[in-house]
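Hi,

Here is the structure I promised to pass on. Have a look at it first, and my notes follow below.

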Amino acid sequence: MSNSSTMSPNGDVMSPLIHPLVHSAPADGYSKPKKVTMDQMLEKYCGEFGWWQFSHFILTSLAWALEGIHTMVMIFADREPEFRCLTNRCDSTVKTVCGLEPGSWEWTGGVKSSTVSEFGLICGHKYKVGLVQSLFFAGCMIGAGVFGHLSDSKLGRKGSLTIVCILNAVFGCLTAFSTDYWTYTLIRLLSGFSTGGTGLCAFVLATEPVGQSWRGVAGMSTFYFFSAGIAMLSAIAYFFQSWRSLYIASSVPSVMLVILVLPFLHESPRWCLVRGKVDEAMEIMRTIAKSNGKHLLDGVVLALDSEVNDDDSPDTQSESKEAPNGSLLDVLRLPLTRFRLFLAVAINFFCSVVYYGLSLNAVNLGTNLYLNVTLNAVAEMPAYLITALVLDRLGRKPLAIWTMWFSGIFCLAGALMKGHGTWKVVRMVCGVLGIFGMAGTYNLLFVYSMELFPTVVRNAALGCATQASQMGAILAPLVVVLGGGIPFAVFAVCGIAGGLLVMYLPETLNRPLYDTMAGMEEAEAEKPSILS
């Protein structure tokens, strides 16, 4: 063989042998994949808030409208109808039927118009109206904890949301067939159980696939659907004024969501990742990238934040990896998360007392009930918009402090106002401004609370905070019945105290969503904060 056949043009005889070795793959044929966290993959390869996230967010957040409907339906179903006199022995100037001679009056809308008229929840039995409403919120408190745990464990976000929506439809329809007050109370308790997990599961499922820079705005936008659901309920109640037909009509949206929307939703890729279903998580991420017009490189794989710097196993996409499990006990075991949980519970409790308390006070304005509820729902939307616009500029912490203090100051002003004449109107304005501020806080706390805890225990912690909110909702009607300026004084104390507690929480703006307890503890240990 001629030597010229092995010689390069420049005369280097070894060049043809060296060149292939420089560009060839490793001898074992394995090219090590690049591990990235969920936030990194969304930012660099899939898009943080593209068409996929937008459509997924809209469809998932429709469940918030259902929560608004199933929660506030009691306003219309349990209302005390107007009455009219039938004889001259009836005093038409009185505001209550208590003390009127039986047979001298009748309910304007008929006995079947509300639970109050059908079950006789008037005068000495009026407390039963508050009892059934409190038990509904008690069911919400239990359901938030149960479904918060189930959605973090084997059921997942989508599975839990599907179950609660089905239960909402079933219990809503069963309520319409209640034969007596105690049957009605029991079914409303069960309805609260399913309703308590609806917003929680929908919120986490809607926001977890969103990138870090858009997560705050997306999370703040979920409450628009809640308010829209309340406004839609007013329209439904206007056309179905019998409480039995109202419960059936208000359950139809839940049925439609289960059939037409939920089957087309994806599971949260974050949940798949922490449960060890890396292949499934990667498949969802490829779908996100394709829908957003992006390209996810084959050599990039998802990993937990605590594993990104590890070089242990080359097979990072194996589904046999043990899934890290988290529970409320894990939250309490770590001093950092325990302190955050206690603060989140107290702040959510104070916020709920003010929000639901002011909402109930607004019903006493003496205006048309359907119009009043609609205006209350619409009035909350500017608070959501303004808070969302400044959320990523001011940060979670200062915004939560000032919105709670804003509400507390106007509640304090309302407590100092007289309850008659022009001052009555001024007190009403104070209440509207108070609910404006607290509506923004209520929305913000979902985003803030979510970012305080890692994925493996996020829904368990959020469920606990939601339970605290339901405790506040249970207490709110008892505060309202005190009347006069006392409710405003209590709401003022709760608002100001809640703002003070927020001062002890860390700022989470532009911080990543941690996947594991170890990953969060390691990252937060470098920050100079309380118990970090």
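The second largest cavity is lined by 18 residues, and nearest its centre lie Trp64, Glu67, Tyr442, Phe446 and Gln470. A cavity here is a set of points on a 1 Å grid over the protein atoms alone where a 1.4 Å probe fits but cannot get out, and lining residues have an atom within 4 Å of a point. Its volume is about 170 Å³, counted as the space filled by probe spheres set on the points. The lining divides into eleven nonpolar, six polar and one charged residue. At least two lining residues come from each of α3 (51-77), α5, α7, α9 (222-239), α14 (335-362), α17 (422-451) and α18 (455-480); helices are DSSP runs (H or I) of at least four residues, numbered from the N terminus.

Please keep in mind that this is a predicted model: local features need pLDDT of at least 70, side-chain atom pairs count only at pLDDT 80 or more, and totals for chains, interfaces and linings use all residues. Residues are numbered from 1 along each chain as its sequence is written, and side-chain values use heavy atoms, with hydrogens and water left out.

Next, a helix pair. The axes of α6 (residues 156-175) and α7 (residues 181-207) come within 8 Å and cross at roughly 150°, so the two are roughly antiparallel (over 145 degrees). Their contact residues comprise twelve nonpolar, nine polar and three charged.

Finally, cysteine 123 sits in the loop between α4 (115-119) and α5 (127-152). Cysteine 123 has a positive phi of about 55° although it is not a glycine.

Best wishes

Definitions and conventions. Axes fitted to C-alpha atoms, helices over the stretch in contact; angles between N-to-C directions. Parallel < 35°, antiparallel > 145°, perpendicular 65-115°, else oblique. Nonpolar A, V, L, I, M, F, W, Y, C, P; charged D, E, K, R; others polar. 1 Å grid on protein atoms, 1.4 Å probe; cavity = no way out; pocket = protein on both sides within 12 Å on 5 of 7 lines; lining within 4 Å.
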